[in-house]
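Work through these exercises with the structure in view. Try each task before reading its solution.

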Amino acid sequence: MPDLNVKLWRGDENGGELVDYKIEAQEGEVVLDVVHRIQATQAPDLAVRWNCKAGKCGSCSAEINGKPSLMCMTRTNVFEPGQTITITPMKTFPIIRDLVTDVSFNFKMLKQVPALKPKPKEKDGTYRMFQQDIDRGQEFRKCIECFLCQDVCHVIRDHDDNKMHYAGPRLFIRYADLEMHPLDTNDRLDLLQDKMGLGMCNITKCCTEVCPEHIHITDNAIIPLKERVVGDRYDPLAWLGKKIFKKSKTSEKQKV
Amino acid sequence: MTTTNTETDSNNSFNNSAITAVEIGKPKGGPNVKTLRQDRWWIQPTLTFIGLFLFVVYGSWAAIRNNDYYTANILGRTIGRNYLSPFYSPCIANNCQYTTVPILGSWYKLSPAIIILIFPMGFRLSCYYYRKAYYRSFWFSPPACAVKEPHKKYSGESKFPLIMNNIHRYFWYAAVLFAAILTLDAINAFRFPNGSIGMGLGTLIFVINAVLIWLYTLSCHSCRHLTGGRINLFSKAPIRHWFWKKVSIINPHHMLYAWLSLVWIAFTDFYVYLVASGTIHDPRFF
């Protein structure tokens with residue numbers, strides 16, 4: 001098997017550089033395997049975050065030849081023979097060391113999501129939900145929190161200052177999950193539009209393109225949320241309908 | 001420079017007026033280059049730009065042409081076809097070659113297409129797919145995924161003028177009306193002289209045009225929301241749930257329908273122009 005030419009980002013918050021490594025290719029490997037072999041044989045101090053090696057823990061997120069990807073789900077045979085594989089840390093988040101970034105931004109934003117506030121129980125003391133009422137949310141729960149969608153989103157990738165008022169696609173699917181929940185009584189639409197930057201998303205769908213779980217983040221979460229905001233805020237007919245019929249989808253909901 | 005948002009939610013419980021402290025400006029890893037992508041990421045935005053630019057050029061020419069958009073009687077000859085260009089339908093001015101509804105009087109001297117095209121243009125400009133297309137290929141925001149955009153500031157659709165894209169559903173209401181009118185035009189294309197029913201190549205083109213326009217209109221994200229997407233309890237709204245599921249089948253192909261309908265509507269207009277101007281003869285199947 002021919003050698004693989006690998007460029008790895010080595011450095012920390014004080015700076016860094018791309019370092020070349022040459023390593024023998026092996027059949028059936030993924031990029032994470034190559035990184036581990038480099039770590040084992042040539043760069044024992046290389047920092048890399050990983051866990052399951054099965055595309056389910058979301059730990060080994062990085063950028064491979066500029067594309068946000070999971071290292072454990074990117075096979076080495078997709079590259080042309082002789083092509084250099086460049087592996088860099090996620091661009092959107094502060095560097096800790098080498099391929100490891102500080103993704104705490106996402107968890108800080110997650111803390112801001114108003115939790116499920118269920119409506120009162122039925123007379124028999126139970127909650128009842130039907131499958132068709134929770135189908136949509138189940139897609140969102142496939143999220144493995146790899147934060148590749150957050151990484152690729154240009155709103156914060158190219159404009160760090162927007163992090164102060166932009167939750168990002170991973171959080172938007174969390175909001176969508178809760179907003180569409182059949183039992184929930186919290187109305188997060190004002191929060192989303194005013195504080196969490198839903199309006200800043202210009203739906204260029206990069207989050208959907210990089211999602212390793214193939215969640216239709218834009219079509220099934222962000223756009224439906226935007227449409228709900230339109231109905232709640234910008235649609236005079238919807239407003240009139242609510243006034244006349246005294247009801248709406250948010251009739252049992254309270255704004256947070 | 002590292003700065004911290006001072007609006008801190010100290011007890012970590014939700015507070016509408018507070019955002020948890022977010023550190024910004026800390027050093028990032030990786031080289032400071034536009035992109036490290038090695039694939040030909042620029043092809044898609046380039047093709048999109050070319051496609052939309054060509055349509056704008058053609059559409060402008062078709063709109064100001066103000067001639068050869070109706071085939072029934074032209075230059076004293078009876079062509080015997082009932083084809084009205086979709087760029088001019090419904091024709092609402094007195095100066096139309098074929099007036100659908102006389103709304104604008106003789107004072108209106110411009111091309112009747114200019115009035116009509118405001119609605120489909122608004123629908124497509126505010127369409128969720130076309131927004132992605134022009135943000136990427138015209139405004140480079142971003143030109144492609146993980147490719148650095150050139151703008152220093154970004155506010156997206158949270159401020160004027162882009163916040164106006166929220167008007168999309170109103171253009172959708174108009175688009176449904178236009179799709180119905182283009183369907184009538186397709187039905188009229190089966191009408192031949194002396195009250196006979198027939199079908200020419202143009203009839204087939206009009207039918208395909210109506211089908212594509214309906215597919216594009218019904219696969220719209222606003223349609224998906226209005227038919228049922230806004231509902232949380234589908235179990236209590238089975239009919240709307242049924243509609244929502246049907247729209248959800250075609251919604252993922254919205255981009256495809258957007259392009260097909262765009263190209264085909266221009267082709268339909270051009271075909272009508274060729275027939276109306278006597279450049280080609282429309283073959284009759286039966």
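**Exercise 1. The interface**

How many residues of chain A are in contact with chain B, and how many of chain B with chain A?

Solution. Keep in mind that this is a predicted model. Start with the two sides: 63 residues of chain A are in contact with 51 residues of chain B. Next, look for the main contributor on the side of chain A. Helix α9 of chain A, residues 217-234, gives the largest share, eight residues. Then sort this side by class. It has 25 nonpolar, 19 polar and 19 charged residues.

**Exercise 2. The domains of chain A**

Find the domains of chain A and describe how they meet.

Solution. Chain A is divided into domain 1 (3-101) and domain 2 (104-255). Their centres, taken over C-alpha atoms, are separated by 33 Å. Now turn to the contact. Domain 1 of chain A supplies 12 residues and domain 2 of chain A supplies 13 residues. On the side of domain 1 that touches domain 2, six residues are nonpolar, four polar and two charged.

**Exercise 3. The largest nonpolar core**

Which residues have the most contacts inside the largest nonpolar core?

Solution. The core has 116 residues. Those with the most contacts inside it are Val31(A), Met71(A), Ile87(A), Cys149(A), Val152(A) and Phe172(A). Ask next which element gives the most to this core: helix α8 (residues 254-276) of chain B, with nine residues. Domain 1 and domain 2 of chain A each provide at least three residues. Here is the general background: in soluble globular proteins, nonpolar side chains tend to be buried together.

Now take one member of the core. Leaving aside neighbours within four places in sequence, Met71(A) is in contact with Val30(A), Val31(A), Leu32(A), Val35(A), Cys60(A), Ala62(A) and Ile64(A).

**Exercise 4. The build of chain B**

Describe chain B, from its elements to its overall dimensions.

Solution. Count first: chain B has eight helices and four strands. Along the sequence they follow the pattern β-β-α-β-β-α-α-α-α-α-α-α. Then consider the dimensions. The C-alpha atoms of chain B fill a box of roughly 80 × 50 × 40 Å along the principal axes. The radius of gyration is 24 Å, whereas a compact globule of 286 residues would have one near 19 Å. Of the residues of chain B, 36% count as buried. Finally, check the contacts between residues at least 6 apart in sequence: 63% join residues at least 24 apart.

**Exercise 5. Helix α8 of chain B**

Is Thr268(B) buried or exposed?

Solution. First place the residue: Thr268(B) is found in helix α8 of chain B. This helix has 23 residues and reaches 32 Å from its first C-alpha to its last, close to the 33 Å expected. Now count around the residue. Thr268(B) is buried because 25 other C-beta atoms lie within 10 Å, and the cut-off is 20 or more. Beyond its neighbours within four places in sequence, Thr268(B) is in contact with Pro86(B), Ile205(B), Phe206(B) and Asn209(B). Just after the helix, Gly278(B) takes a positive phi of about 80 degrees.

**Exercise 6. A loop residue**

Why does Val147(B) count as buried?

Solution. Val147(B) lies in the loop between α3 (128-137) and α4 (168-188) of chain B. Val147(B) counts as buried because 21 other C-beta atoms lie within 10 Å. Now compare sequence and space: Val147(B) and Lys34(B) are 113 residues apart in sequence, yet 5.9 Å apart, C-alpha to C-alpha. Leaving aside neighbours within four places in sequence, the contacts of Val147(B) are Lys34(B), Thr35(B), Arg37(B), Trp41(B) and Pro142(B).

Conventions:
Residues numbered from 1 in each chain as written. Chains lettered and ligands numbered in written order. Predicted model: local features only at pLDDT ≥ 70, side-chain atom pairs only at ≥ 80, totals over all residues. Contact = placed C-beta atoms within 7 Å. Helix = DSSP H or I, 4+ residues; strand = E, 2+ residues; numbered from the N terminus. Nonpolar A, V, L, I, M, F, W, Y, C, P; charged D, E, K, R; others polar. Core = buried A, V, L, I, M, F, W, Y, C linked by C-beta atoms within 7 Å. Buried ≥ 20, exposed ≤ 12 C-beta atoms within 10 Å, placed from the backbone. Domains from an automatic or database assignment. Expected span 1.5 Å × (residues − 1). Rg over C-alpha atoms; globule rule 2.2 N^0.38 Å.
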